[in-house]
Amino acid sequence: MADRRLSTSSSATRPSIGRAALRVAAIYVAARLITTLFLFLTAELSGFGSRMGADAGLADTVVAWDGTWYWLVAYSGYPSRLPLTDGGQVAENAWAFLPLYPYLAQVVSLPFGQWGAGALIVSIIAGYGASLALYHLLRARLDESATLWAVAFFASGPMAALFQVGYAESLNLLWLFCALLCVARRRYAWVYLLVPLMAFTRPGVLAFALFLALFGLWRWSTRAREPLPRREIAHIVALGLLAVASGFAWQLVADWATGDPGAYLATELAWRRNWVAGDAVFAPFEPLLAGTSFWFSTMWHLPVALGYVVLAAVVALVAAALIGLPQVRRLGVEIRLWSASYLLYLLLVFFPQSSIFRLLVPLSPLWGAFAAPRSRLWRVGVLVVCLVGQWWWIYNMYALGNQTWQVP
């Protein structure tokens, strides 16, 4: 029962729900103002080589890059026949983008007449909801000051522009953090709703299925300290099965709608051809190994063996941090198991490229480890690094755009 006692022992020192919401809102609004300034400056600096063009405005940042694809889904839906390249391969198409975010943004946009307005509203509100859920997730383990600093790092981090552009990340983070919070509090009923919402917002719910499997094993191994009733076992197993089924549901929808049994996977692989010529066949870990070879050999002209050594070293360091670093252990087993599950999921399926920073955002509960040290100098330093990283990403992705990631 140690974990349950820990989550309730500090309840007397916690602010009320209303005060917590206001504190998180103050941090979030300040962060959004800074991001708005960065996006405005980036639009002013946008050149002919960027995705937005030389005459871009602030509104153009909302529908740039993947925002255009989400708008296309809302405007014209999904193709019944997969488009092909001149070489007969499946081309990039809307099936790579899940439907919940674009259609929700479309509904919200109705009073405004512009899909981008709805996307902006959904992203901002969902980002605040995710920040508040993160606060409650971390507050069970950290004091008030550390928790608010972690929220500040999250709201101001290198990928903070996602909270106000036409991407599905902020909505997915809202579902994810709420689901983790429900599991941490053993309130499983809500997770039955949150799992399908995640599955139709962003890819990655299979990582949550792995998390539930590991969490179930951990609960079984610690049942002497915290009793494990049969009802809880049933919830964990049922939710794991639901997450697996939900994780493959969109593939089945794409297969049925197009008549192509490999429609979704072929669509995802179409993006990979932007980096590596030729077609690819997916297998677990193959994208990671191919990407390591591509970056070290083709791009950096270094031995491929060195790339594998670096990859192994990074994996070992991250595993050691999740297992043994006191600041990470302090966050609790749920956050650590989720982080391990999601990282393993990325190792299995992800080809390393320009999206890597964005795909690491679901690891945001780990900001709690950066906020744990009590040194004000440390915390301010982390915040400055977050803001510098945010400007670097916004400037390179929006002002420079296609000029940043060039494949020889």
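Where does W65 lie? W65 sits in the loop between α3 (58-62) and α4. Keep in mind that this is a predicted model. A search through the whole structure turns up 12 salt bridges, and R186, R219, E226, E232 and E334 are linked in a network of them.

- W65 has a phi near 50°, which is a positive value in a residue other than glycine.
- W65 counts as buried because its relative accessibility is 18%, and the cut-off for buried is under 20%.
- F285 also shows up here, with a positive phi near 70° in a residue other than glycine.
- You'll find F285 in the loop between α12 (263-272) and α13 (286-299).
- With a relative accessibility of 36%, F285 counts as partly exposed.

**The E169–R358 salt bridge**

- E169 pairs up with R358 in a salt bridge, and the closest N and O atoms are 2.8 Å apart.
- This pair links distant parts of the chain: E169 belongs to helix α8 (residues 169-184) and R358 to helix α17 (residues 356-359), 189 residues apart.
- Both E169 and R358 are buried.

**The salt-bridge network**

- R186 makes a salt bridge with E334, where the closest N and O atoms are 3.1 Å apart.
- Are R186 and E334 buried or exposed? R186 is buried, at a relative accessible area of 12%, and E334 counts as buried at 6% relative accessibility.
- E226 and R219 form another salt bridge, with the closest N and O atoms 3.8 Å apart.
- E226 and R219 are buried too.
- Put together, R186, R219, E226, E232 and E334 make up a linked network of salt bridges.

**A nonpolar patch on the surface**

- Which residues form the nonpolar patch on the surface? They are W300, L302, L306, V309, V310, V314 and V318, and together they have about 570 Å² of accessible area.
- V314, one of the patch residues, has its place in helix α14 (residues 304-324).
- V314 is partly exposed because its relative accessible area is 43%, and partly exposed covers the range between the buried cut-off of 20% and the exposed cut-off of 50%.

**Helix packing**

- Two packed helices are described by the angle between their axes and the distance between the axes.
- Helix α4 (residues 66-76) packs with helix α5 (residues 100-109) at an angle of about 70°, and their axes are 8 Å apart.
- That angle makes α4 roughly perpendicular to α5.
- The α4 and α5 crossing is right-handed.
- Helix α2 (residues 17-45) and helix α7 (residues 144-156) have axes that come within 9 Å and cross at roughly 30°.
- α2 and α7 are therefore roughly parallel to each other, given that angles under 35 degrees count as roughly parallel.
- The crossing of α2 and α7 is right-handed.

Methods:
Residues numbered from 1 in each chain as written. Predicted model: local features only at pLDDT ≥ 70, side-chain atom pairs only at ≥ 80, totals over all residues. Heavy atoms only, no water. Salt bridge = Lys/Arg side-chain N within 4 Å of Asp/Glu carboxyl O. Helix = DSSP H or I, 4+ residues; strand = E, 2+ residues; numbered from the N terminus. Buried < 20%, exposed > 50% of the residue type's maximum accessible area, 1.4 Å probe, protein only. Patch = residues over 30% accessible without salt bridge, like charges linked within 9 Å, V, L, I, M, F, W, Y side chains within 5 Å. Areas by Shrake-Rupley, 256 points an atom, 1.4 Å probe, with all protein chains shown as cover. Axes fitted to C-alpha atoms, helices over the stretch in contact; angles between N-to-C directions. Parallel < 35°, antiparallel > 145°, perpendicular 65-115°, else oblique. Left-handed = near helix turned anticlockwise from the far one by under 90°.
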